[in-house]
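Subject: Handover of a structure

Dear colleague,

Please find the structure below, together with a short account of what was found in it.

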Amino acid sequence: MTAPKEIELKLVCDASDLTILREHPRLRGAVGEERDQLNSVYFDTHDGRLREAGYVLRVRGTKDGYVQTAKGAGDGLLERSEWERPVEGPEPDRDALEGTPLAKLLGKNTKLAPMFTVAVERLAYHVEQGASRIEVALDQGRITQTAGKRASDAVTISEIELELKEGSPADLFDLAHEMCSQVSVRLGVRTKPERGFALIDGEPNGMRKAEPVLLLEEMT
């Protein structure tokens with residue numbers, strides 16, 4: 001069975017740029033503006049079993065309740081496998097992982113522990129681009145370690161996420177180009193969980209050497 005996919009383009013910018021983008025004509029003319037405070041806790045085993053296998057598991061608290069999400073590495077940039085289910089509370093729900101690769105990987109009795117927390121204030125807009133529907137999210141917040149770490153052990157987040165809800169991935173880039181012609185942005189090649197684990201590992205939140213690029217024979 002084919003795993004569900006998340007197709008998303010992430011852009012990194014300064015916090016002041018998010019303020020400018022809120023007044024962009026494409027967002028001011030979008031259908032509705034949704035504001036939420038998202039608090040996501042990422043879990044793994046003490047020996048890092050999920051991370052080693054290329055998966056992440058989070059439970060996110062929103063104004064509408066809790067949502068559990070498991071993600072795979074995908075192509076490492078634009079497309080990732082994703083399994084998402086509403087859950088009753090802030091702890092991982094093993095039953096909600098049934099049918100995903102994580103169920104077999106973790107088994108029934110493996111203990112999970114919180115690794116880090118991602119807390120962001122999100123402004124989300126639904127935008128029509130070409131024949132596509134795209135959710136544009138402006139995120140501002142921070143990633144902090146858990147389990148007794150210092151509050152200073154944190155990195156800030158200032159990002160734009162464009163998630164394809166329906167249509168063509170090419171429209172993501174068209175919309176990104178149109179929106180970001182007014183502000184300076186960088187392609188976000190590191191996901192929030194990657195930055196969270198880098199915080200745990202003590203890696204600096206700055207420049208780093210590029211990772212290998214996945215190239216497939218069928219690519220043009």
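E6 is buried, with a relative accessible area of 4% (buried means under 20% relative accessible area, exposed over 50%, and partly exposed in between, with a 1.4 Å probe and protein chains only). R80 is likewise buried, at 8%. The side chains of these two residues, E6 and R80, form a salt bridge at 3.3 Å, N to O; the term stands for a side-chain nitrogen of Lys or Arg within 4 Å of a carboxyl oxygen of Asp or Glu. Because E6 belongs to strand β1 (residues 5–12) and R80 to strand β5 (residues 79–87), the pair ties together parts that are 74 residues apart in sequence.

Before going further, please note that this is a predicted model, in which local features need pLDDT of at least 70, side-chain atom pairs count only at pLDDT 80 or more, and totals for chains, interfaces and linings use all residues. Residues are numbered from 1 along each chain as its sequence is written, and side-chain values use heavy atoms, leaving out hydrogens and water.

The structure holds 21 salt bridges. E6 and R80 also belong to a network of salt bridges whose members include E8, K10 and E82. Another salt bridge joins K108 and E98 (3.3 Å, N to O). Here K108 is exposed, at 60%, and E98 is partly exposed, at 48%.

As for the overall fold, the protein chain has 6 helices and 9 strands (DSSP runs numbered from the N terminus: helices are H or I with at least four residues, strands are E with at least two). Of its 220 residues, 45% count as buried.

S40 sits in strand β2 (residues 33–44). Its side chain makes a polar contact with the side chain of R60 at 2.8 Å; such a contact is a pair of N or O atoms within 3.5 Å, where within protein one must be able to donate a hydrogen and the other to accept it, and residues adjacent in sequence count only if both atoms are side-chain atoms.

How many disulfides are there? The count is 0, a disulfide being a pair of cysteine sulfur atoms within 2.5 Å. For C13, the closest cysteine sulfur is that of C180, at 7.5 Å, which is too far for a bond. Both cysteines are buried: C13 has a relative accessible area of 4%, and C180 stands at 11%.

Yours sincerely
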